Amino acid sequence: MSTSEQTQPLFTHLLELRTRLLRSIISVVVIFIALVSFSNSIYSFVAAPLVERMPAGATMIATDVASPFITPIKLTLVVSLFIAIPYILYQIWGFIAPGLYKNERRLVVPLLVSSSLLFYCGVAFAYYVVCPLAFAFFTHIAPAGVEVATDISSYLNFVLSLFLAFGVAFEIPVAIILLCWTGITSPAALKQKRPYIVVGVFVVAMMLTPPDVMSQTMLAIPMLGLFELGMFCARFYIRKEPVELDEEDEDESTPSSENK
(Lines give C-alpha, C1' and ligand atoms only; values in the text may rest on other atoms or scores of the structure.)
Protein backbone atom coordinates (compact mmCIF):
# COMPACT_ATOMS: atom_id res chain seq x y z
CA MET A 1 0.00 0.00 0.00
CA SER A 2 2.75 2.44 0.88
CA THR A 3 4.58 1.78 -2.42
CA SER A 4 1.44 2.39 -4.45
CA GLU A 5 0.72 5.56 -2.51
CA GLN A 6 4.22 6.81 -3.28
CA THR A 7 4.07 5.95 -6.99
CA GLN A 8 0.60 7.41 -7.50
CA PRO A 9 1.76 11.06 -7.35
CA LEU A 10 4.59 10.23 -9.77
CA PHE A 11 2.14 8.86 -12.36
CA THR A 12 -0.10 11.87 -11.81
CA HIS A 13 2.80 14.24 -12.49
CA LEU A 14 3.83 12.26 -15.57
CA LEU A 15 0.30 12.34 -16.94
CA GLU A 16 0.10 16.09 -16.37
CA LEU A 17 3.51 16.56 -18.03
CA ARG A 18 2.35 14.55 -21.04
CA THR A 19 -0.83 16.59 -21.27
CA ARG A 20 1.03 19.89 -21.21
CA LEU A 21 3.58 18.67 -23.75
CA LEU A 22 0.77 17.62 -26.08
CA ARG A 23 -0.89 21.01 -25.67
CA SER A 24 2.36 22.73 -26.56
CA ILE A 25 2.88 20.57 -29.64
CA ILE A 26 -0.73 21.05 -30.73
CA SER A 27 -0.38 24.82 -30.40
CA VAL A 28 2.63 24.79 -32.72
CA VAL A 29 0.81 22.56 -35.22
CA VAL A 30 -2.29 24.76 -35.21
CA ILE A 31 -0.23 27.90 -35.82
CA PHE A 32 1.73 26.10 -38.54
CA ILE A 33 -1.46 25.05 -40.34
CA ALA A 34 -2.71 28.64 -40.19
CA LEU A 35 0.54 30.04 -41.62
CA VAL A 36 1.61 27.37 -44.11
CA SER A 37 -0.29 28.97 -47.00
CA PHE A 38 1.73 32.15 -46.40
CA SER A 39 5.09 30.36 -46.28
CA ASN A 40 6.48 32.06 -49.40
CA SER A 41 5.46 35.50 -48.13
CA ILE A 42 7.06 34.76 -44.77
CA TYR A 43 10.29 33.79 -46.45
CA SER A 44 10.23 36.93 -48.60
CA PHE A 45 9.83 39.02 -45.46
CA VAL A 46 12.76 37.28 -43.73
CA ALA A 47 14.92 37.52 -46.87
CA ALA A 48 14.22 41.25 -47.35
CA PRO A 49 17.31 42.48 -45.42
CA LEU A 50 19.55 40.67 -47.91
CA VAL A 51 17.50 41.10 -51.10
CA GLU A 52 17.24 44.87 -50.64
CA ARG A 53 21.03 45.17 -50.36
CA MET A 54 22.09 42.86 -53.17
CA PRO A 55 23.65 44.39 -56.29
CA ALA A 56 21.32 45.38 -59.09
CA GLY A 57 20.17 42.36 -61.05
CA ALA A 58 21.35 39.84 -58.44
CA THR A 59 18.89 37.35 -56.98
CA MET A 60 18.88 34.50 -54.50
CA ILE A 61 19.24 31.00 -55.89
CA ALA A 62 18.18 27.45 -54.99
CA THR A 63 20.92 24.87 -55.51
CA ASP A 64 18.80 21.93 -54.40
CA VAL A 65 15.79 20.66 -56.32
CA ALA A 66 13.45 20.66 -53.29
CA SER A 67 14.76 23.86 -51.69
CA PRO A 68 12.07 26.18 -53.12
CA PHE A 69 9.46 24.05 -51.33
CA ILE A 70 11.23 22.78 -48.20
CA THR A 71 12.95 26.03 -47.15
CA PRO A 72 9.79 28.18 -46.78
CA ILE A 73 8.03 25.30 -44.99
CA LYS A 74 10.95 24.94 -42.60
CA LEU A 75 10.89 28.67 -41.89
CA THR A 76 7.13 28.59 -41.27
CA LEU A 77 7.57 25.79 -38.75
CA VAL A 78 10.23 27.77 -36.89
CA VAL A 79 8.04 30.89 -36.94
CA SER A 80 5.16 28.84 -35.53
CA LEU A 81 7.40 27.71 -32.68
CA PHE A 82 8.49 31.30 -31.99
CA ILE A 83 4.87 32.49 -31.90
CA ALA A 84 3.86 29.67 -29.56
CA ILE A 85 6.61 30.41 -27.03
CA PRO A 86 4.34 32.38 -24.63
CA TYR A 87 1.82 29.52 -24.57
CA ILE A 88 4.58 26.95 -24.09
CA LEU A 89 5.98 28.96 -21.19
CA TYR A 90 2.46 29.16 -19.76
CA GLN A 91 2.25 25.36 -19.84
CA ILE A 92 5.62 25.11 -18.09
CA TRP A 93 4.40 27.59 -15.50
CA GLY A 94 1.20 25.58 -14.94
CA PHE A 95 3.26 22.45 -14.34
CA ILE A 96 5.69 23.92 -11.80
CA ALA A 97 3.30 26.36 -10.08
CA PRO A 98 1.83 23.86 -7.58
CA GLY A 99 5.31 23.27 -6.13
CA LEU A 100 5.99 26.96 -5.46
CA TYR A 101 5.11 29.11 -2.49
CA LYS A 102 2.69 32.00 -2.89
CA ASN A 103 5.43 34.65 -2.79
CA GLU A 104 7.46 32.69 -5.33
CA ARG A 105 4.51 32.58 -7.73
CA ARG A 106 4.31 36.37 -7.64
CA LEU A 107 7.95 36.56 -8.67
CA VAL A 108 7.84 33.88 -11.36
CA VAL A 109 4.97 35.39 -13.37
CA PRO A 110 6.89 38.62 -14.21
CA LEU A 111 9.90 36.51 -15.13
CA LEU A 112 7.88 34.41 -17.58
CA VAL A 113 6.37 37.49 -19.21
CA SER A 114 9.71 39.30 -19.41
CA SER A 115 11.50 36.23 -20.80
CA SER A 116 9.03 36.08 -23.72
CA LEU A 117 9.34 39.80 -24.41
CA LEU A 118 13.13 39.72 -24.20
CA PHE A 119 13.30 36.80 -26.63
CA TYR A 120 11.15 38.65 -29.16
CA CYS A 121 13.22 41.80 -28.64
CA GLY A 122 16.37 39.83 -29.39
CA VAL A 123 14.92 38.44 -32.62
CA ALA A 124 13.67 41.90 -33.65
CA PHE A 125 17.07 43.44 -32.89
CA ALA A 126 18.77 40.82 -35.08
CA TYR A 127 16.32 41.38 -37.96
CA TYR A 128 16.05 45.17 -37.95
CA VAL A 129 19.57 46.14 -36.80
CA VAL A 130 22.12 43.37 -37.21
CA CYS A 131 20.98 41.82 -40.50
CA PRO A 132 20.83 45.07 -42.52
CA LEU A 133 24.28 46.15 -41.31
CA ALA A 134 25.84 42.74 -41.80
CA PHE A 135 24.39 42.14 -45.28
CA ALA A 136 25.27 45.65 -46.46
CA PHE A 137 28.85 44.93 -45.38
CA PHE A 138 29.01 41.47 -46.95
CA THR A 139 27.55 42.52 -50.31
CA HIS A 140 29.93 45.48 -50.68
CA ILE A 141 33.16 43.64 -49.90
CA ALA A 142 32.73 40.99 -52.57
CA PRO A 143 35.86 40.76 -54.76
CA ALA A 144 35.73 42.04 -58.28
CA GLY A 145 34.22 39.55 -60.68
CA VAL A 146 32.30 37.72 -57.93
CA GLU A 147 28.52 37.85 -58.26
CA VAL A 148 26.57 37.70 -54.99
CA ALA A 149 23.95 34.94 -55.32
CA THR A 150 23.09 33.41 -51.96
CA ASP A 151 21.40 30.03 -51.71
CA ILE A 152 18.00 30.30 -50.01
CA SER A 153 18.69 27.34 -47.70
CA SER A 154 22.08 28.68 -46.62
CA TYR A 155 20.56 32.09 -45.99
CA LEU A 156 17.81 30.59 -43.82
CA ASN A 157 20.31 28.67 -41.71
CA PHE A 158 22.36 31.85 -41.30
CA VAL A 159 19.49 34.10 -40.16
CA LEU A 160 17.94 31.44 -37.93
CA SER A 161 21.24 31.05 -36.11
CA LEU A 162 21.32 34.83 -35.66
CA PHE A 163 17.72 34.98 -34.44
CA LEU A 164 18.26 32.16 -31.97
CA ALA A 165 21.56 33.58 -30.73
CA PHE A 166 20.14 37.05 -30.13
CA GLY A 167 16.90 35.71 -28.68
CA VAL A 168 18.76 33.58 -26.15
CA ALA A 169 21.33 36.29 -25.42
CA PHE A 170 18.57 38.77 -24.54
CA GLU A 171 17.52 36.39 -21.74
CA ILE A 172 20.59 37.41 -19.73
CA PRO A 173 18.65 39.62 -17.25
CA VAL A 174 16.28 36.74 -16.48
CA ALA A 175 19.19 34.33 -15.99
CA ILE A 176 20.96 36.74 -13.62
CA ILE A 177 17.78 37.30 -11.62
CA LEU A 178 17.26 33.55 -11.24
CA LEU A 179 20.87 33.02 -10.17
CA CYS A 180 20.60 35.72 -7.52
CA TRP A 181 17.14 34.63 -6.44
CA THR A 182 18.26 31.04 -5.84
CA GLY A 183 21.32 32.24 -3.90
CA ILE A 184 23.89 30.88 -6.35
CA THR A 185 25.43 34.32 -6.68
CA SER A 186 24.73 37.96 -5.81
CA PRO A 187 24.92 41.33 -7.58
CA ALA A 188 27.97 42.24 -5.47
CA ALA A 189 29.80 39.06 -6.52
CA LEU A 190 28.94 39.63 -10.18
CA LYS A 191 30.18 43.19 -9.94
CA GLN A 192 33.56 41.98 -8.70
CA LYS A 193 33.80 39.50 -11.57
CA ARG A 194 32.79 42.04 -14.25
CA PRO A 195 36.19 42.03 -16.09
CA TYR A 196 36.04 38.24 -16.49
CA ILE A 197 32.40 38.40 -17.55
CA VAL A 198 33.22 40.95 -20.26
CA VAL A 199 35.79 38.56 -21.74
CA GLY A 200 33.34 35.66 -21.40
CA VAL A 201 30.61 37.62 -23.19
CA PHE A 202 32.80 38.11 -26.26
CA VAL A 203 33.74 34.42 -26.21
CA VAL A 204 30.07 33.40 -26.02
CA ALA A 205 29.18 35.84 -28.81
CA MET A 206 31.90 34.28 -30.95
CA MET A 207 30.44 30.81 -30.34
CA LEU A 208 26.78 31.73 -30.90
CA THR A 209 27.06 33.85 -34.03
CA PRO A 210 28.36 33.03 -37.52
CA PRO A 211 32.12 33.51 -38.02
CA ASP A 212 32.20 37.24 -38.71
CA VAL A 213 33.42 40.02 -36.46
CA MET A 214 30.44 42.31 -37.09
CA SER A 215 27.71 39.97 -35.86
CA GLN A 216 29.87 38.91 -32.92
CA THR A 217 30.37 42.53 -31.84
CA MET A 218 26.70 43.38 -32.42
CA LEU A 219 25.77 40.54 -30.08
CA ALA A 220 28.42 41.19 -27.42
CA ILE A 221 27.53 44.87 -26.89
CA PRO A 222 23.81 44.27 -26.14
CA MET A 223 24.77 41.33 -23.91
CA LEU A 224 26.94 43.62 -21.79
CA GLY A 225 24.09 46.13 -21.50
CA LEU A 226 21.65 43.37 -20.56
CA PHE A 227 24.12 42.08 -17.99
CA GLU A 228 24.13 45.47 -16.30
CA LEU A 229 20.32 45.57 -16.45
CA GLY A 230 20.13 42.11 -14.91
CA MET A 231 22.40 43.11 -12.02
CA PHE A 232 20.22 46.16 -11.36
CA CYS A 233 16.97 44.17 -11.37
CA ALA A 234 18.46 41.31 -9.34
CA ARG A 235 18.68 43.59 -6.30
CA PHE A 236 14.89 43.35 -5.99
CA TYR A 237 14.91 39.53 -6.15
CA ILE A 238 17.43 38.77 -3.40
CA ARG A 239 16.02 36.50 -0.72
CA LYS A 240 16.26 37.72 2.83
CA GLU A 241 18.05 35.36 5.18
CA PRO A 242 16.36 35.41 8.58
CA VAL A 243 19.01 33.07 9.95
CA GLU A 244 21.69 35.73 9.71
CA LEU A 245 19.46 38.21 11.49
CA ASP A 246 18.91 35.75 14.31
CA GLU A 247 22.64 35.24 14.68
CA GLU A 248 23.19 39.00 14.86
CA ASP A 249 20.51 39.27 17.51
CA GLU A 250 22.25 36.55 19.50
CA ASP A 251 25.58 38.41 19.22
CA GLU A 252 23.98 41.63 20.39
CA SER A 253 22.31 39.88 23.28
CA THR A 254 25.53 38.18 24.47
CA PRO A 255 27.22 41.30 25.96
CA SER A 256 24.08 42.28 27.81
CA SER A 257 23.88 38.88 29.47
CA GLU A 258 27.52 39.10 30.46
CA ASN A 259 27.03 42.57 31.97
CA LYS A 260 24.26 41.20 34.05
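This talk goes through one protein chain, from its overall build down to a few residues.

A word on the source before we start. This is a predicted model, in which local features need pLDDT of at least 70 and side-chain atom pairs count only at pLDDT 80 or more, while totals for chains, interfaces and linings use all residues. Residues are numbered from 1 along each chain as its sequence is written, and side-chain values use heavy atoms, with hydrogens and water left out.

Let me begin with the whole chain. The protein chain has 11 helices and 0 strands. Helices here are DSSP runs of H or I with at least four residues, strands are runs of E with at least two, and both are numbered from the N terminus. Of the 260 residues in the protein chain, 35% are buried. Buried means under 20% relative accessible area, exposed means over 50%, and partly exposed is in between, using a 1.4 Å probe and protein chains only. The accessible surface of the chain is about 16,100 Å², and 69% of that belongs to carbon and sulfur atoms. Such areas come from the Shrake-Rupley method with a 1.4 Å probe; for residues, only the protein chains shown count as cover. Next, contacts, meaning heavy atoms within 4.5 Å. Among contacts between residues at least 6 apart in sequence, 83% join residues at least 24 apart.

Now the inside. A nonpolar core is a set of buried Ala, Val, Leu, Ile, Met, Phe, Trp, Tyr and Cys residues joined through side-chain atoms within 4.5 Å. Which residues touch the most other members of the largest core? Among its 54 residues, they are Tyr43, Met60, Tyr155, Val159, Phe163 and Phe166. The elements giving two or more residues to this core are α2 (39-51), α3, α4 (85-96), α5, α6, α7 (172-181), α9 (194-208) and α10 (213-234). Helix α6 gives the most, with 11 residues.

Take Met60 as an example. Leaving out residues up to four places away in sequence, Met60 touches Tyr43, Ala47, Leu50, Val51, Met54, Thr150, Asp151, Ile152 and Tyr155.

Another residue to look at is Ala169, in helix α6. Ala169 is buried, at 4% relative accessible area.

On to the aromatic rings. Rings of Phe, Tyr and Trp (its six-membered ring) pair if their centres lie within 6.5 Å; planes under 30 degrees apart count as stacked, over 60 as edge-to-face, and the rest as tilted. By this rule there are 11 aromatic pairs. One of them is Phe82 with Phe119, an edge-to-face pair with 5.2 Å centre to centre and 80° between the planes. Phe82 is in helix α3 (residues 67-83) and Phe119 is in helix α5 (residues 102-140), so this pair ties together parts 37 residues apart in sequence. Phe82 is buried at 15% relative accessible area, and Phe119 is buried at 8%.

Phe135 and Tyr155 make a tilted pair, with 5.5 Å centre to centre and 45° between the planes. Here Phe135 belongs to helix α5 and Tyr155 to helix α6 (residues 152-169), so the pair ties together parts 20 residues apart in sequence. Both residues, Phe135 and Tyr155, are buried. Ring pairs also link Tyr43, Phe135, Tyr155 and Phe158 into a cluster.

Last, the charged side chains. A salt bridge is a side-chain nitrogen of Lys or Arg within 4 Å of a carboxyl oxygen of Asp or Glu. How many salt bridges does the structure hold? It holds 3.

Arg194 and Glu228 form one, at 2.9 Å from N to O. Arg194 lies in helix α9 and Glu228 in helix α10, so this pair ties together parts 34 residues apart in sequence. Arg194 is partly exposed at 27% relative accessible area, as is Glu228 at 34%.

Arg20 and Glu16 form another, at 3.3 Å from N to O. Both lie in helix α1, 4 residues apart, about one turn of the helix. Arg20 counts as buried at 16%, whereas Glu16 is partly exposed at 25%.
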